[in-house]
Amino acid sequence: MTPAGFLTAFAQAISTMALYREGHPARERVIDAAWEGLLRLRESGDGAAFTFIGDEVVWGTQPVRELKAWDWGRRLSEAGMQRLEIDDGVSREEFEGFLEEVLARLAWTAGSAEARQMRSSRIRFGTVGLRSEPSASPQPELPPVEGHEGVVMLQEEIETLQWLHDEVQSSARLHLAEAEAVVRSLSVTMHGESRIILPLLRMRAFDEYTTTHAMNVSVLAMALSEFIGLGPKDVRTFGVAGLLHDIGKVHVPLEILTKAGKLTPEERAIMNMHTVEGARIIISTEEQLDLAAIVAYEHHIMIDGGGYPAMRWQRDVHYGSRIVHVCDVYDALRTRRPYRDAWDAEKVLDYIGEKAGTEFDHDLAHAFTRMMREWEPRMATGSWSEP
């Protein structure tokens with residue numbers, strides 16, 4: 001049994017269960033077929049772990065090409081089941097109970113993504129979230145950063161991120177170790193001299209925008225996470241998500257990325273696909289970056305459901321996506337683009353405050369503006385770039 005075959009039987013079972021009462025022969029037949037499919041999938045030895053991100057279905061780390069744009073993947077994701085893992089020891093009774101629960105969740109109104117599982121079992125599902133800490137060992141003290149009058153040197157980090165983007169573009173391979181190393185270095189820089197600084201970078205030319213913007217969003221996402229009281233593991237996780245949120249732009253033609261005027265509808269459609277492409281790149285190459293894939297997919301979705309990719313059913317986006325969204329907009333508006341001048345900081349913060357509760361998460365937007373007004377005097381700009 002292929003992963004596509006099992007998921008097809010799984011969807012057929014749920015559809016049929018919605019039509020027939022418990023004990024009906026037709027209902028029992030489709031449940032048996034799905035159960036048999038699961039048993040045969042287990043025999044392959046590769047397990048039953050699936051991720052649903054938009055129109056993409058991933059089995060382990062491999063995209064399920066036969067189910068491209070599979071409607072059920074989107075439905076499961078928007079019902080709060082972005083991740084599904086079925087252990088080898090699950091029984092047929094547990095599996096049937098799980099199918100009943102899926103049917104119930106799909107019948108609930110919008111917002112059911114935050115609901116908890118009705119029963120414990122060896123079938124785990126839910127929204128993609130942070131991985132638990134392996135231990136409660138104390139965090140090492142960060143070393144001070146040497147610099148002159150708040151200036152920090154980030155040339156090596158810039159070159160590493162440019163290399164990472166080049167690797168994705170040329171070989172579709174994403175290197176997790178290098179991404180984590182850049183985030184670690186940014187975190188050390190932020191904590192230089194036992195205080196928080198924001199080493200935001202300015203670019204010399206527009207073709208540096210993608211790299212510079214990615215590092216700035218990573219820094220801002222870590223700073224905001226720390227400001228609202230999240231722990232070191234969460235801070236670094238959101239830092240990696242911020243660093244990779246626009247990785248899908250490696251597949252957007254340069255003439256569209258650098259166009260000085262307004263994009264045509266066709267060009268806008270290509271640009272907007274960077275969220276889907278980013279999620280696909282991340283989830284297909286690094287299983288450990290499932291949260292970063294969700295953030296890449298969702299970071300342009302507004303709190304009121306606007307933005308893109310469009311959602312068929314209203315649902316809450318991941319908390320990490322909400323953090324990265326406000327940081328993304330701040331840095332984008334503060335940067336001069338071919339089609340507009342940069343906004344000054346106060347204008348951007350006023351805009352974020354005005355859009356709290358509609359475009360941005362209300363609490364995160366206000367936390368972000370408080371943070372920036374408190375920390376902006378302590379920002380540093382990397383000496384490798386000139387305004």
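Residues are numbered from 1 along each chain as its sequence is written, and side-chain values use heavy atoms, with hydrogens and water left out. Because the model is predicted, local features need pLDDT of at least 70 and side-chain atom pairs count only at pLDDT 80 or more, while totals for chains, interfaces and linings use all residues.

Helices (H or I, at least four residues) and strands (E, at least two) are DSSP runs, numbered from the N terminus.

With β4 (residues 83–86), β1 runs antiparallel through 4 bridges, and T51 stands opposite R83. With β2 (residues 56–59), there are 4 bridges, again antiparallel; here I53 sits opposite E56 and F50 opposite W59. The hairpin of β1 and β2 has 2 residues between the strands, and G54 takes a positive phi near 60°.

Strand β2 is covered on both faces, with E56 and V58 buried on one side and V57 and W59 on the other. Next comes β3 (residues 62–63), joined to β2 by 2 antiparallel bridges, with V58 opposite P63. This hairpin also has 2 residues between its strands, and G60 in the turn shows a positive phi of about 65°.

As for the cores, a nonpolar core is a set of buried Ala, Val, Leu, Ile, Met, Phe, Trp, Tyr and Cys residues joined through side-chain atoms within 4.5 Å. The largest has 67 residues, of which L224, I282, C327, Y330 and F368 touch the most other members. Helix α7 (residues 209–227) gives the most to this core, with 9 residues. A second, separate core of 35 residues includes A9, V30, V90 and F125.

Finally, W343 lies in the loop between α13 (319–334) and α14 (345–354). W343 is partly exposed because its relative accessible area is 22%. Leaving aside neighbours within four places in sequence, W343 is in contact (heavy atoms within 4.5 Å) with L333, R334, V348 and Y351.

Key:
Pairing = 2+ DSSP bridges. Buried < 20%, exposed > 50% of the residue type's maximum accessible area, 1.4 Å probe, protein only.
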